[in-house]
Amino acid sequence: MFFLAVCLFSVKSTGCAETLSFPEMKVDHSMELSYAQEFSVDYYENDCALIQISEGSRFLVVPEGEEVPEEVDSDIVILQQPVTDIYLAATAVMDYFAALDACDAITLSGTNADGWYVEEAKEAMENGEMIYAGKYSAPDYELILSKSCKLAIESTMIYHTPEVKEKLMEFGIPVLVDYSSYEPNPLGRIEWMKLYSVLLGKEDLAEELFQKQAAQVEALESEENTGKTVAFFYITSSGYANVRKPGDYVSKMIEMAGGTYIFSNLDTGDDNALSTMNMQMEEFYAKAKDADYVIYNSTIDGELKSLDAFLDKSALLADFKAVKEGNVWCLSKSMFQDTSSLGNVILDIHSILTEEHPEDHLEYLYCLE
């Protein structure tokens, strides 16, 4: 009887008690989120963390050395730390891992080495520490299984090929779908870093990095809108102008920087989930020619080196107000993969709208001359 009493009294320190039952586990606290709306994290008394994503998926992260609770709901995926040998098919997620100094947790990539602009990822692939395992729609299942993959991280593009997700799960590989692109606020997109920090046990670092980005952007809130209009687009190979839809996170970044997105009242004519749309050049010209600033999205067909190269995209561009006034800026390739630093992009946009010669301190934009 005495031994039994001691054993029950020493549950946490000796581990001689029975495995915890999930239904009996109590939430100790929840992760504080300032902007993110597409996920939540609850921490339990035994340090397990339950991640819930907006589309309904749930993941229970169990600390290294801890027993997996019993009677866990069948829809909850168990992830035992350390979560390593990850297959990453969502390119926007890599930068979160790089910022958290955890690229070594990813050994399988859905992007070739020449497709990465995140230096840590590029170096890891060149060194053989990360290998190409097929794109999201056509993964190399045999290779992924041979590398003892513990988790696949996909973008919402996976829903175009749902059979891939099903096959990975059939093989016993958990699939986490990243919904950061659905965040209505760009800072919410940055805050997804906190979700991945739970997998890595680096919550404090993620909070520190997020607060730094948030503070920079929040400091702009007290400033008045500049009244300057901004057109953000690129010209497709078919001759259309591809623009961001109103409410997209890029258009909101422009607004947060003190500008007005020139297509804020655009009638998209559909309700699909795409964040961009193509416009006929004549319609685009009519709506965008008087924009005070142009930001050309060069992430699709390569960075432009001169204003002449920009004007070669369409003869109509020469008549744009921004062209005549020397306010044509080009986006460097790294922005859409530098998800943890979107606050810096907002600061760059603010600088070109408010400063005469900001070129010497910009990180993501450069002027076409």
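Which strands does helix α6 (residues 162-170) lie across? I found α6 over β9 and β10, running at about 145 degrees to β10. For the angle, axes are lines fitted to C-alpha atoms, for helices over the stretch in contact (heavy atoms within 4.5 Å), and angles run from 0 to 180 degrees between N-to-C directions. Helices (H or I, at least four residues) and strands (E, at least two) are DSSP runs, numbered from the N terminus.

A note on the source: this is a predicted model, where local features need pLDDT of at least 70 and side-chain atom pairs count only at pLDDT 80 or more, while totals for chains, interfaces and linings use all residues. Residues are numbered from 1 along each chain as its sequence is written, and side-chain values use heavy atoms, with hydrogens and water left out.

Next I looked up the sheet. I read an open sheet of 5 strands in the order β8-β7-β6-β9-β10, with parallel pairing; two strands pair if DSSP finds at least two bridges between them. β8 (131-132) and β10 (175-177) are at the edges with a single partner strand each, so one side of each has no neighbour in the sheet. Between β6 (residues 86-88) and β9 (residues 151-154) I found 3 bridges, and L88 stands opposite I153 in β9.

Last, I checked T339. I placed T339 in the loop between β16 (328-331) and α14 (342-354). T339 is buried (under 20% relative accessible area, with over 50% exposed and partly exposed in between; 1.4 Å probe, protein chains only), at 1%. Beyond neighbours within four places in sequence, T339 touches A92, D95, Y96, R189 and I190.
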